[in-house]
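Reader: I have a few questions about how the terms are applied here. Please set each value against its cut-off.

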Amino acid sequence: MDMETKAKKAIARICETFDGMRQLLGDPAPLDTILDQLRADVEDPALLVGLLDALDSALLQAGDELGLYDEAGRKPLFVPSNGLGPARRTEIVFHCPEGRCTRMVRPDPTASARPRCTLFDKELTWVAA
């Protein structure tokens, strides 16, 4: 996995589990440092990956089984074909409004509001492909 993809996946995990991370970490400094860098739009990939690695270590030490990089249990959703051809992956999802991460949220029919990006406090972008 290249550095950019690794970073985008880690940023997606931060966005989708931000509150839980903050509660789990005894010292939220590694999380706050990442958020500050992302919001400042710093373009140094090596620095960003180093900070993400530090947050990953802090999360693992605090008891998070997945950390930032483990994708255990994250599988694509497939829709049965019902005789209309092969099953296909569902591609109706909300994405990062800034394109900074790989976060995808499938629409929840019971939700009253569109999901929001934790990093930039914007609504996620709806995409159908």
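Reader: Why is Asp-64 called buried?

Author: The model is a predicted one. In it, Asp-64 has a relative accessible area of 13%. Buried means under 20%, so Asp-64 is buried.

Reader: Where in the chain is Asp-64?

Author: Asp-64 sits in the loop between helix 3 and strand 1 (78-79).

Reader: What makes the pairing of the side chains of Asp-64 and Arg-13 a polar contact?

Author: The distance given for the two side chains is 3.1 Å. The cut-off for a pair of N or O atoms is 3.5 Å, and one must be able to donate a hydrogen and the other to accept it. The pair is therefore a polar contact.

Reader: Which residues does Asp-64 touch, not counting residues up to four places away in sequence?

Author: Asp-64 touches Arg-13, Leu-24 and Leu-59. To touch means here to have heavy atoms within 4.5 Å.

Reader: How much of the chain counts as buried?

Author: Of its 129 residues, 27% do.

Reader: Which residues line the largest cavity?

Author: The lining consists of Gln-37, Leu-38, Val-42, Asp-44, Leu-47, Leu-48 and Arg-100. At least two residues come from helix 2 (29-39), and at least two from helix 3 (45-62).

Reader: What classes do the residues of that lining fall into?

Author: The lining of the largest cavity has 4 nonpolar, 1 polar and 2 charged residues. Val and Leu count as nonpolar, Asp and Arg as charged. Therefore Leu-38, Val-42, Leu-47 and Leu-48 are the nonpolar residues, and Asp-44 and Arg-100 the charged ones.

Reader: Why is the second largest pocket not called a cavity?

Author: A pocket is an open set of points, whereas from a cavity the probe cannot get out. The second largest pocket holds about 240 Å³ of space. Of the 13 residues that line this pocket, Glu-4, Ala-7, Glu-43, Leu-48 and Arg-100 are the closest to its centre. Helix 1 (3-24) and helix 3 are the elements that give two or more residues to its lining.

Reader: Which element gives the most to the lining of the second largest pocket?

Author: Helix 1 does, with 5 residues. By class, the lining of this pocket divides into 7 nonpolar, 1 polar and 5 charged residues.

Conventions:
Residues numbered from 1 in each chain as written. Predicted model: local features only at pLDDT ≥ 70, side-chain atom pairs only at ≥ 80, totals over all residues. Heavy atoms only, no water. 1 Å grid on protein atoms, 1.4 Å probe; cavity = no way out; pocket = protein on both sides within 12 Å on 5 of 7 lines; lining within 4 Å. Helix = DSSP H or I, 4+ residues; strand = E, 2+ residues; numbered from the N terminus. Buried < 20%, exposed > 50% of the residue type's maximum accessible area, 1.4 Å probe, protein only. Points joined across faces, edges and corners; volume = space filled by probe spheres on them.
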